[in-house]
Amino acid sequence: MQENYYSEADELMNSSLRDEIVLEIDIEAYSLWELLRKQYAKANPHPTTFMETLNWENTRGFYVDHEVMEQVGLQFRA
């Protein structure tokens, strides 16, 4: 937030609103993370071999983390 919204970040650091926004983002991000993990697993069946499972888990993690960051983490909050 300090990189993208420097002046707003300074104001929030000095207020209690920052803690509320952080908690709100955390709750939203976790619920979206759970939803996307379930959707990915439903759309892409879990493999049976170790190496396929390793690749599947890594791909799911990259996909889910990226979407959560784009949809929740990088959004401007006022």
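The following questions and answers concern a predicted model.

Q: What is the mean pLDDT of the protein chain, and in which helix is confidence highest?
A: In this predicted model, local features need pLDDT of at least 70 and side-chain atom pairs count only at pLDDT 80 or more, while totals for chains, interfaces and linings use all residues. Residues are numbered from 1 along each chain as its sequence is written, and side-chain values use heavy atoms, with hydrogens and water left out. The pLDDT, the predictor's confidence in each residue from 0 to 100, averages 87 over the protein chain, and 94% of the residues score at least 70.

Q: How far does H3 reach from its first C-alpha to its last?
A: H3 has 24 residues. At 1.5 Å a residue, 34 Å is expected for H3. The reach in the model is close to that value, at 32 Å.

Q: Which residues of H3 are buried, and against which helix do they pack?
A: Buried means under 20% relative accessible area, exposed means over 50%, and partly exposed lies in between (1.4 Å probe, protein chains only). By this criterion, Thr-53, Trp-56, Arg-60, Val-64, Val-68 and Val-72 are buried in H3. An α-helix has 3.6 residues a turn, so residues three or four places apart point the same way. The buried residues of H3 pack, through contacts (heavy atoms within 4.5 Å), against H2.

Q: Which residues form the largest nonpolar core?
A: A nonpolar core is a set of buried Ala, Val, Leu, Ile, Met, Phe, Trp, Tyr and Cys residues joined through side-chain atoms within 4.5 Å. The largest one has six residues: Ala-29, Leu-32, Leu-36, Val-64, Val-68 and Val-72. Two or more residues of this core come from each of helix H2 (17-43) and helix H3 (50-73).

Q: Which residues are in contact with Ala-29, leaving aside its neighbours within four places in sequence?
A: Ala-29 is placed in helix H2 and counts as buried because its relative accessibility is 17%. Its C-alpha atom is separated by 7.9 Å from that of Met-69, 40 residues apart along the chain. With neighbours within four places in sequence set aside, the contacts of Ala-29 are Val-68 and Val-72.

Q: Which residues form one aromatic cluster?
A: Rings of Phe, Tyr and Trp (its six-membered ring) pair if their centres lie within 6.5 Å; planes under 30 degrees apart count as stacked, over 60 as edge-to-face and the rest as tilted. Three aromatic pairs are found in the whole structure, one of them the tilted pair of Tyr-40 and Trp-56, at 5.7 Å centre to centre and 50° between the planes. The rings of Tyr-40 and Tyr-63 are also tilted, because their centres are 5.8 Å apart and their planes lie at 35°. One aromatic cluster is formed by Tyr-40, Trp-56 and Tyr-63.

Q: Is Tyr-63 buried or partly exposed?
A: Tyr-40 is buried at 13% relative accessibility, and Trp-56 is buried at 9%. Tyr-63 has a relative accessibility of 37%, so this residue counts as partly exposed.

Q: What is the relative accessibility of Arg-60?
A: Arg-60 is found in helix H3. Leaving aside neighbours within four places in sequence, Arg-60 contacts Arg-37, Tyr-40 and Ala-41. Arg-60 counts as buried because its relative accessibility is 8%.

Q: How far from the backbone oxygen of Thr-49 does a polar atom of the Thr-53 side chain lie?
A: Thr-53 lies in helix H3 and is buried, with a relative accessible area of 18%. Not counting residues up to four places away in sequence, Thr-53 touches His-46, Pro-47 and Thr-48. The separation between the backbone oxygen of Thr-49 and a polar atom of the Thr-53 side chain is 2.7 Å.

Technical notes:
Helix = DSSP H or I, 4+ residues; strand = E, 2+ residues; numbered from the N terminus. Polar contact = N/O pair within 3.5 Å; in protein donor to acceptor, adjacent residues only side chain to side chain. Expected span 1.5 Å × (residues − 1).
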